[in-house]
Structures are given as structure tokens and as C-alpha cells.
Amino acid sequence: MNTNLLLHRFFNGFLWLALPLLLAPVAWTLVDWAVFSAVFSPDLQACQQAAGQGACWGVVAEKWRVIVFGRYPVPEQWRAATVLVLWSALLFATAARVFKSKTAFSLWALLLPASAVLLHGGFADLAVVPTNLWGGLPLTLILSTVGFAMALPLAVLLALGRQSAVAPLRRFCIAYIELLRALPLVTVLFLAAFVLPLWLPGEGLDLFTRVLLTISLFSAAYLAEVLRGGLQAVPQGQGQAAKALGLNVVQRNVHVVLPQAIQACLPSLTNSFVTLFKECSLVTIVALFELTGALSLALAGDVQWRSFYLEGYLFIGLVYWAYCFGLSKTVK
């Protein structure tokens, strides 16, 4: 047998044996810090005594309401919790295709207005909660899910328009896509939050609506490129065969081309939603406190618990991982 091959196999075997031994002390230190020496009860004195030796998960137990629900009033948080459970369940069910497309669309069409009414209140003795008090994980889900749903139809039109034979339409779509992709989301959010109200008459749209529309318009540029890749993956013969059967342009795209394109780029679309789900943390800079911003809100004004930011960020990191990893595994 070749000497180089033998050396290669010996080196690989050595790494498989040596790396676990080298990493074992580090792994044990992390496990001891996170589990065995950690404080899980909301006991500030115990956390301070364990500082440097064990994690203080008690900060999560103490501040979980603010972290999960932001500034939403405590007596009304059952409403936000209901929306959180329903949206999470339907999101994973839709990703796993538990329901048929029409059924899933109908459920979302019912859930969206029902959730808006429940969160806002103002009926059946429910107190009114303005949108500027919505926050935490429910706000992250709403901004990412609704923003993605609003961006997808626009992205389809942009992707088709970019491939159009009509030059003015094609150039407009290219300009829109390239301009939005060249701008940071932070800049666009600042413009929507602080510059756009100067141009709107009267009170204009509230901050939540402006941010939601901004996320939708911004995401559409990225989704358009994902869909364009899917459109290019569909053989041209599919459209030509549909044309030969007498289908017009709209019918060819809706019934033949787009379903195949979306199926081809479904993993990329899932990746785009996961990215948007995490990027919604940027809305904190315009005073909408979603999951990441709610942690800062919970600890910034509390001198006693402020030093345990690390445990708080690890907790919300685990929440993000659970949603993103779960979606990536359930999409079919």
C-alpha cells in the first residue's frame, strides 16, 4: 500500500483519538459552568457568589416576562402568549406541510387579523395595547412572518419583471433590486422611522407599520434574486409546452413555471426566512423591542442583574437556534 496513504490514515486516526482528549477539559469546564455549578433560581445573592464559577440562569427566571414579551403590559400578557403559541405552531406546521396549501393559507388568513385584534384589544373589555408596546418573541415572529409573506408576491413580480422583454419594466426591476441590496437594513430602518414621517401628512403611519412595510420592501429585493435562480432552473421547454397548449403568459407562469421554480429554490427561500427572522433584531435601534431588544430592556435599567448579560444572550441565542434549526429540519 502507498506510504503516503498509510501516513494519511495514521494521521486521521491520531486526530480522532487526540482531539477528544484535548477538548475534554474544555468541554467539562463548560458543562460544569453551565450545569453543575450554575444557579437556576432567581436568587441574586447566590448568583453573585457563583460569579466566575457557574452560570446565573436565575436572570432568565427573574426577567423572562420582559425578555419574552417586552413592554407588553403584564396583566395582558396572556394575549401575547396566546399569539406566540398559535403563530409558532402554525409556522412549524406550514413548514412541515401538515396542511394542504389552501388550508394553510386559510388558517393564516384567519390568524393574522385575529392576532392583530387580540394584541391591540379595545373590545370585550380588553384593554387597548398600542403597537409601540408590542415586543419580545411575538413581535419577532410577526415582523419576520408577515414581512416575508408580504415580500414574496412582490419578489415574484420583480423576478419575472427582471426577465421581461419589456426594457423599461426590466430596467426598473433591476434598479429596484440592486438599489435595495446595496443598502444596509439599518439605514433603511432609520429612514422609515425618522425621515419618512416628515414627508407623510398628519400623523401618518405608526412606527410598527412603517417598519413592517420597510422590512417587506427590503426583503423583496433579496427574495427576487432567489426566485430568479429558481426560474432559471426551470427548463425552457416547460414554458414552450404550456404556450403550445394555448395558455397565456399569466397562466403559464402561475400554473407551470412558478410552482416548479418555487420548489427548486425552496431551501433558499427557507434560508432567506431564517435570515430575516434573525435580522428583525435590528428593529431595536428604532425603539421596537423584539426578542434581542427586550433583553436589553430587561437588564439595562436593573443595576443588580445587569452583570449577567452573558446568560441572557445565551438564552435568546438558544431560542433563535430552536426556531431556525427547527424550521430547517421541518421544511419538506
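Visitor: Which residues lie nearest the centre of the largest pocket?
Guide: Thr94, Ser101, Phe148, Leu152 and Ile262 do, out of 32 residues that line the largest pocket. By pocket I mean an open set of points on a 1 Å grid over the protein atoms alone, with protein on both sides within 12 Å along at least five of seven lines, and a lining residue has an atom within 4 Å of a point. This is a predicted model, so local features need pLDDT of at least 70 and side-chain atom pairs count only at pLDDT 80 or more, while totals for chains, interfaces and linings use all residues. Residues are numbered from 1 along each chain as its sequence is written, and side-chain values use heavy atoms, with hydrogens and water left out.

Visitor: How much space lies in the largest pocket?
Guide: About 1500 Å³. A volume here is the space filled by probe spheres set on the grid points, which are joined across faces, edges and corners.

Visitor: And which elements supply at least two residues each to that lining?
Guide: They are α4, α5 (101-120), α6 (136-162), α11 (249-264) and α12 (266-279). Helices are DSSP runs of H or I with at least four residues, strands are E runs of at least two, and numbering starts from the N terminus.

Visitor: What's the lining like by class?
Guide: It has 23 nonpolar, five polar and four charged residues. Ala, Val, Leu, Ile, Met, Phe, Trp, Tyr, Cys and Pro count as nonpolar, Asp, Glu, Lys and Arg as charged, and the others, Gly among them, as polar.

Visitor: What about the second largest pocket, how much space is in there?
Guide: About 500 Å³. Its lining has 15 residues, with Gln163, Gly239, Arg252, Asn253 and Val257 nearest the centre. Two or more residues each come from α9 (207-233), α10 (236-244) and α11. By class, that lining has six nonpolar, seven polar and two charged residues.

Visitor: Moving on to cavities: how many are there of 30 Å³ or more?
Guide: One. A cavity is a set of grid points where a 1.4 Å probe fits but cannot get out. The largest cavity holds about 30 Å³ of space, and its lining is Phe69, Tyr72, Ala80, Leu119, Trp134, Gly135, Pro138 and Ile142. Seven of those count as nonpolar, one as polar and none as charged.

Visitor: New topic. How many helices and strands does the protein have?
Guide: There are 14 helices and zero strands. Of the 332 residues, 41% are buried, meaning under 20% relative accessible area with a 1.4 Å probe, protein chains only.

Visitor: How do α4 and α14 cross?
Guide: The axes of α4 (residues 77-95) and α14 (residues 309-330) come within 8 Å and cross at roughly 30 degrees. That makes the two helices roughly parallel, a label for angles under 35 degrees. The axes are lines fitted to C-alpha atoms over the stretch in contact, and angles run from 0 to 180 degrees between N-to-C directions.

Visitor: Which residues make the contact?
Guide: From α4, Leu84, Ser88, Leu91, Phe92 and Ala95; from α14, Ala322, Tyr323, Gly326, Leu327 and Thr330. Contact means heavy atoms within 4.5 Å.

Visitor: Last one: is Ser164 buried or exposed?
Guide: Ser164 is buried, because its relative accessible area is 16%. Ser164 sits in the loop between α6 and α7 (167-182), and it touches Leu169 and Arg170, not counting residues up to four places away in sequence.

How values were computed. Parallel < 35°, antiparallel > 145°, perpendicular 65-115°, else oblique. Buried < 20%, exposed > 50% of the residue type's maximum accessible area, 1.4 Å probe, protein only.
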